[in-house]
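Dear colleague,

I am passing on the structure below, together with some notes on what I found when going through it. Please have it open while you read.

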There are 2 protein chains.
Amino acid sequence: MRVKLFDTTLRDGTQREGVSLTTEDKIRIARELDALGVDYIEAGFPASNPKDMEFFEGFDASELDHARLVAFTRARRPGGRADEDPAVTLLPRLSAPVACIVAKSWKMHVEKVLRTTPEENLESIRDTVRYLANAGKEVIFDAEHYFDGFRDDPEHALAVLRAAADAGATTLVLCDTNGGTLPTELKAAVERTVEEFSGYPDVEVGIHTHNDAGCGVANAIVAIEAGATHVQGTINGVGERCGNCDLVTTIANLQLKMGLEVLDDERLAKLTGTSNYVSELMNLTPDTHRPYVGRSAFAHKGGLHVDGITQDPSTYEHVAPEVVGNVRRTPVGELSGKNSIRQKAEELGIEAGDVTGILSAIKQREYEGYHYEAADASLALLIGRTAGEDRPLFELETFRIISEKRAGGETTTEATIKLLVKGQRVISTAEGNGPVNALDKALREAIGPHYPELREIHLSNYKVRILDEHRATAATTRVLIDSTDGKRVWGAVGVGENIIEASWQALVDGLEYGVSAAVTSHKG
Amino acid sequence: MRVKLFDTTLRDGTQREGVSLTTEDKIRIARELDALGVDYIEAGFPASNPKDMEFFEGFDASELDHARLVAFTRARRPGGRADEDPAVTLLPRLSAPVACIVAKSWKMHVEKVLRTTPEENLESIRDTVRYLANAGKEVIFDAEHYFDGFRDDPEHALAVLRAAADAGATTLVLCDTNGGTLPTELKAAVERTVEEFSGYPDVEVGIHTHNDAGCGVANAIVAIEAGATHVQGTINGVGERCGNCDLVTTIANLQLKMGLEVLDDERLAKLTGTSNYVSELMNLTPDTHRPYVGRSAFAHKGGLHVDGITQDPSTYEHVAPEVVGNVRRTPVGELSGKNSIRQKAEELGIEAGDVTGILSAIKQREYEGYHYEAADASLALLIGRTAGEDRPLFELETFRIISEKRAGGETTTEATIKLLVKGQRVISTAEGNGPVNALDKALREAIGPHYPELREIHLSNYKVRILDEHRATAATTRVLIDSTDGKRVWGAVGVGENIIEASWQALVDGLEYGVSAAVTSHKG
């Protein structure tokens with residue numbers, strides 16, 4: 001049986017601290033998930049959250065090509081009736097064909113939190129599932145705290161699932177709500193549960209894990225080995241506390257490691273893009289070290305590794321990066337050798353003639369504190385300059401930056417720059433909210449008229465690292481500046497005893513590389 | 001048998017893209033790891049990297065209280081001799097009592113990368129292990145690509161281990177070098193291997209995993225269930241590509257979930273601090289969602305969860321946050337902070353009258369981007385000011401900083417400050433090698449005659465972090481400055497859109513706290 005992918009980025013994922021999505025963003029993510037090919041998209045808990053309600057009112061389930069839209073709710077209140085509980089009766093009115101109902105399966109919770117009897121809890125589950133199934137919904141049942149409940153009293157936990165299945169739920173999802181269960185225990189509980197429901201031909205067992213013990217993905221994987229055929233997770237593992245099972249990693253593992261086809265090849269290659277897209281919309285910095293899809297996931301630093309990769313990529317890669325839409329990278333760093341230079345030059349489309357000369361130039365610069373791993377622009381310029389290609393955008397005469405503060409007032413900063421650009425002398429002054437910002441603005445003002453491409457180029461990231469920190473503000477400073485033209489991102493590095501000097505170098509490299517790349521792509 | 005903790009943050013961890021540690025930082029991390037209580041600290045590969053060599057030359061293994069210092073190297077070259085291979089003969093000269101030797105256990109690698117025969121590979125292993133064991137080193141053997149090798153040819157993989165054990169290695173570490181093995185397969189391979197070595201009473205089996213399939217921690221855990229008694233990992237899982245097994249999460253799992261005592265309670269409670277400390281020194285933003293130690297790991301957002309927690313924390317917490325040195329956070333409840341404020345005030349010798357007022361001041365400041373975890377000086381001053389105690393060292397009138405650069409010349413910076421100190425107006429100007437350095441010097445020149453204690457106080461560390469990094473140089477900046485009087489170190493924080501403003505705040509807080517602490521200790 002094909003494993004079903006159930007995405008809850010838009011419901012459980014939004015519980016992540018600091019995340020807040022607009023309805024518009026939720027719709028864009030839903031479309032992205034549909035294009036990726038997940039089977040279910042759980043888009044919110046409309047009874048508890050007006051913003052989620054707005055989504056379900058504004059987006060029709062029929063707009064999805066493949067995925068089925070899911071609305072989440074809880075079982076009706078103890079002592080009440082499903083057909084009178086607004087959190088339940090709301091669902092039949094929505095276009096979402098699937099209802100996901102959560103209820104308690106841990107006796108301690110039934111008693112301490114719900115403050116009712118196990119029998120009334122079962123009745124609430126039966127009543128709610130039956131009501132929604134009769135309303136024509138596909139019912140997925142989320143057994144909250146299933147593994148804690150199973151540890152405490154397996155018969156009770158199983159009875160909860162049986163109540164849901166008997167009333168018409170077609171998927172029974174075992175939730176590790178607190179996220180603390182380890183794989184071996186979890187697998188045994190899933191095995192036992194799958195066996196218990198082997199007599200229900202129309203019922204599937206699902207798994208919903210969290211990452212509080214760092215085992216979110218592993219737990220989903222072993223549950224599927226144990227017979228679960230439905231897996232819940234979120235893109236990038238976003239979620240409350242330590243997050244949910246990362247559906248991106250899980251999909252790749254199922255397909256590439258366990259031979260279970262969940263997406264076709266074309267869709268699998270969308271994984272990296274989807275991961276970045278969701279990070280972007282959630283305004284989260286993408287984790288560069290994320291399995292399969294991170295920028296560093298296939299980056300090879302050690303010289304030994306780079307040599308191996310050159311012989312055969314499988315020597316140091318567990319899968320080929322392209323299959324998940326990622327790329328191999330050989331960042332140049334202290335630990336690498338000639339092969340990585342050649343590869344880098346090729347990546348950058350530069351003729352790397354004197355590799356030994358380049359390598360020794362890099363080593364010298366790294367000794368001084370430069371670091372090229374995250375600075376492809378500076379590296380490309382260095383390789384180019386070593387090969388005799390040097391096309392500066394301008395010739396500096398002087399710059400001066402003044403920062404002033406008056407008691408109780410704001411600190412203000414302005415920069416004045418004097419330079420020659422294409423034979424013309426220019427002086428310009430700009431204010432900024434820091435020395436580098438002011439310098440960047442003044443420079444652009446001075447040379448912008450001669451380089452219209454600069455309008456498309458923006459600084460996207462600014463990082464400062466103090467080397468030899470024990471020397472504090474008298475230490476060497478390394479500055480990394482990322483720039484972007486909206487399509488690509490490139491990094492530049494500068495080093496100096498003076499942070500202004502270091503920032504200036506990185507600033508100039510970033511702009512020079514951006515202009516030369518714009519010229520190249522225009523030619524090409 | 002107690003599971004041994006082998007930390008490789010300083011060797012494998014530094015392979016993480018973007019990480020580059022100074023020798024000074026490496027020494028500080030080694031001391032922190034020792035205090036945490038790990039058994040082994042692998043500090044580098046001295047034969048391959050001059051910076052690692054600098055560490056081993058500058059730091060004596062006897063400086064560690066508990067941990068044994070480990071130097072890493074590879075087995076001698078095929079066709080060569082261990083006693084003539086500089087990568088091997090280097091180790092006996094170091095103070096580190098432990099040698100960790102890596103060699104190939106996957107036949108494909110022996111043939112394609114080493115380009116030698118399996119027999120010569122075994123001979124190289126025997127020769128190298130024997131040489132180092134005879135030199136008096138404890139030898140740990142890292143079997144590279146063990147699980148790929150075992151999948152391909154288990155007899156060959158086992159023969160590699162046997163060669164090492166027969167020659168004197170006392171720990172055989174099974175490395176999932178490419179990080180792509182899933183838990184069930186890995187566990188079976190470990191079980192078989194442990195069984196094979198049951199006849200070697202002095203040999204332990206260890207595990208070294210990576211996170212390329214998102215299973216780094218889970219794989220270490222199942223390996224220990226299968227009989228491994230030595231686990232390798234890094235603080236926060238830093239490492240090449242997708243990182244290594246996170247030793248922080250693993251320690252907590254072993255102790256709190258599996259009942260294997262690896263650290264005493266007091267040390268276990270250091271986990272959160274160690275995790276943050278290492279992030280800080282590596283200049284990595286701490287992952288707020290990291291299992292056990294992340295700032296959000298015990299944050300409860302929903303009202304239902306908060307209500308449950310109030311009934312019984314185990315309803316929504318898999319372990320108690322205090323045991324790993326973390327705290328529960330309930331964004332609405334404010335219950336979490338009060339005790340820590342009282343504790344902090346007591347620690348700092350301050351009367352904390354209005355705890356609620358202090359807490360809301362802190363919350364407001366943290367919302368603006370301040371962060372007090374590494375800034376006890378600023379926290380103490382904030383608590384004091386809220387309690388009506390405010391003793392500024394001076395009254396600022398204005399300051400002005402000028403940075404200038406001429407074509408081809410150095411960048412120069414000078415600062416002029418005008419202020420009132422003890423009723424006297426002073427103007428002073430100083431040069432520095434950056435705006436903050438110049439400002440620090442000018443300020444000291446101005447107020448130094450009135451505060452002789454300042455002569456003892458020096459800035460020891462200066463860190464800049466850009467919040468909202470995507471806004472680049474226009475973003476909010478947080479500056480952390482550590483100061484020291486040679487005996488104690490204290491941190492101060494400043495935040496502002498302008499980096500100069502943020503630095504100024506931290507500078508002033510650091511000096512003010514230093515002077516008041518000097519006065520207090522003089523009195524006491």
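Predicted model: local features only at pLDDT ≥ 70, side-chain atom pairs only at ≥ 80, totals over all residues.

In the hairpin of E10(B) and E11(B), which residue takes a positive phi? That residue is Lys422(B), with a phi near 45°, in a hairpin that has 2 residues between its strands. For chain A the average pLDDT is 90, and 94% of the residues score at least 70.

The strands around that turn in chain B

Strand E10 (residues 411-421) of chain B pairs with strand E9 (residues 395-406) of chain B in the antiparallel sense over 10 bridges, and E10(B) is also joined by 9 bridges to strand E11 (residues 424-432) of chain B, again running antiparallel. Thr416(B) in E10(B) is the bridge partner of Arg400(B), and Thr416(B) also stands opposite Thr429(B) in E11(B). The hairpin of E9(B) and E10(B) has 4 residues between its strands, and in its turn Gly408(B) has a positive phi of about 75°.

Chain A as a whole

Chain A contains 18 helices and 14 strands, and its C-alpha trace spans about 85 × 60 × 50 Å along the principal axes. Of its 524 residues, 55% count as buried. Among the contacts in chain A between residues at least 6 apart in sequence, 68% join residues that are at least 24 apart.

The chain is divided into domain 1 (4-263), domain 2 (361-389 + 456-524) and domain 3 (394-450). Where domains 2 and 3 of chain A touch, 6 residues of domain 2 are in contact with 6 residues of domain 3. On the domain 2 side, the elements that give two or more residues are E12 and helix H18 (499-523) of chain A, and H18(A) gives the most, with 4 residues.

A sheet of three strands

E12 of chain A also belongs to an open sheet of 3 strands, in the order E12-E13-E14, with antiparallel pairing. Its edge strands, each pairing on one side only, are E12 (458-466) and E14 (489-496) of chain A, and the twist averages 20° from one strand to the next. Strand E13 (residues 477-484) of chain A pairs with E14(A) over 8 bridges, and Ile481(A) stands opposite Ala492(A) in E14(A).

Cores and a covered helix

The largest nonpolar core has 195 residues, and those with the most contacts inside it are Val70 and Ala164 of chain A and Val70 and Ala164 of chain B. Leaving aside neighbours within four places in sequence, Ala164(A) is in contact with Ile125(A), Val129(A), Phe141(A), Ala169(A) and Leu172(A). Another core, of 94 residues, lies apart from the largest one, and includes Leu480(A), Ala506(A), Ala517(A) and Ala377(B).

Helix H10 (residues 247-257) of chain A is mostly covered, with 9 of its 11 residues buried; among these are Leu247(A), Ile251(A) and Leu254(A). The buried residues of H10(A) pack against strand E1 (4-7), helix H9 (216-225), strand E8 (230-233), helix H11 (265-268) and helix H12 (271-282) of chain A. After H10(A) comes Gly259(A), whose phi is positive, near 70°.

With best wishes

How values were computed
Residues numbered from 1 in each chain as written. Chains lettered and ligands numbered in written order. pLDDT = per-residue confidence, 0-100. Pairing = 2+ DSSP bridges. Axes fitted to C-alpha atoms, helices over the stretch in contact; angles between N-to-C directions. Core = buried A, V, L, I, M, F, W, Y, C linked by C-beta atoms within 7 Å. Buried ≥ 20, exposed ≤ 12 C-beta atoms within 10 Å, placed from the backbone. Contact = placed C-beta atoms within 7 Å. Domains from an automatic or database assignment.
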